[in-house]
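Good morning, and thank you for joining this group meeting. I would like to speak about charged and aromatic side chains in one protein model. Please look first at the structure on the screen.

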Amino acid sequence: MARVHPNVLPSPAAERAAAGPPAGEEEEPTSLTVWRKSLLFNCRGFTVFDAKGDLAYRVDRYDDAEAEVVLMDPAGRPAFTVRRKRLSLSGEQWLIFAGEEARRPVYAVKRGGGKSMARVAPCAGAAPFEVEGSYARRCCVVYDGERRAVAEVQPKEAVGTDVFRLVVQPGVDVSLAMAVVVALDQMFARPSLLRSWSS
């Protein structure tokens, strides 16, 4: 039977991977398995596993009335908070804050047009990222300002849309890539974790 519950303590292999590759070797892309289900009873959210099957991130939603989602590491420390921007004139927009910060967002995610399904704009003024493809089919790519693929959401074979793969290229913040996936889920997935029409 397949293991559902992850290893919570980092394994020696995970610690070596966190230290980086030995000198002279190229870094491999990070591959995460994302499950649109919380491991807690009566919660909605995400459970994210690394390539070794260890818990990498989690999102647990107890109350759907709040218009925010907190992405946590395995120990429950907040990595990013994704919050819906109220009354945005430019359409539906989600802000990404570092940790539990509530004042200064680091990124803004909003629906795109044309080939782009969404645009991820750094609030510091750097070049934005474009997301192309279909999140509903779990098949989309995040491109940087130079049109290099920096992250990709891929469907898992014969599992459905609740389990998919996130592949993040070296040099890209994996936590940020997962926060962008959470924002995309809020914008494009049905049913949403937080579909609060009153906000």
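**Charged side chains**

Arg36, Asp162 and Asp185 are linked in a network of salt bridges. A salt bridge here is a side-chain nitrogen of Lys or Arg within 4 Å of a carboxyl oxygen of Asp or Glu. Side chains of opposite charge can pair when their charged atoms come close.

Before the details, a word on the source. This is a predicted model, in which local features need pLDDT of at least 70 and side-chain atom pairs count only at pLDDT 80 or more, while totals for chains, interfaces and linings use all residues. Residues are numbered from 1 along each chain as its sequence is written, and side-chain values use heavy atoms, with hydrogens and water left out.

How many salt bridges does the rule give? The count comes to 9. One of them joins Asp162 to Arg36, with the closest N and O atoms 3.4 Å apart. This pair links distant parts of the chain: Asp162 is in the loop between E11 and strand E12 (163-168), and Arg36 is in the loop between strand E1 (30-35) and strand E2 (44-49), 126 residues apart. The helices (H or I, at least four residues) and strands (E, at least two) are DSSP runs, numbered from the N terminus.

Arg36 also meets Asp185 in a salt bridge, at 2.9 Å from N to O. Arg36 lies in the loop between E1 and E2 and Asp185 in helix H2 (residues 174-188), so this pair ties together parts that are 149 residues apart in sequence.

Are these residues buried or exposed? Buried means under 20% relative accessible area, exposed over 50%, and partly exposed in between (1.4 Å probe, protein chains only). Asp185 is buried, because its relative accessible area is 0%. Arg36, at 17%, also counts as buried, whereas Asp162, at 37%, counts as partly exposed.

**The loop around Asp144**

Where is Asp144? Asp144 is in the loop between strand E10 (139-143) and strand E11 (149-155). With a relative accessible area of 11%, Asp144 is buried. Its side chain makes a polar contact with the side chain of Arg148, at 2.7 Å. A polar contact is a pair of N or O atoms within 3.5 Å; within protein, one must be able to donate a hydrogen and the other to accept it, and residues adjacent in sequence count only if both atoms are side-chain atoms.

Arg148 also forms a salt bridge with Glu146 (3.3 Å, N to O). Arg148 is partly exposed at 48%, and Glu146 is exposed at 58%.

**Aromatic rings**

A search of the whole structure finds 2 aromatic pairs. The rings of Tyr107 and Phe129 have centres 6.4 Å apart and planes at 45 degrees, so this pair is tilted. Rings of Phe, Tyr and Trp (its six-membered ring) pair if their centres lie within 6.5 Å; planes under 30 degrees apart count as stacked, over 60 as edge-to-face and the rest as tilted. Tyr107 counts as buried, at 16%.

Tyr135 and Phe164 form an edge-to-face pair, 6.1 Å centre to centre with 85 degrees between the planes. Here Tyr135 is in the loop between E9 and E10 and Phe164 is in strand E12, 29 residues apart. Tyr135 and Phe164 are both buried.
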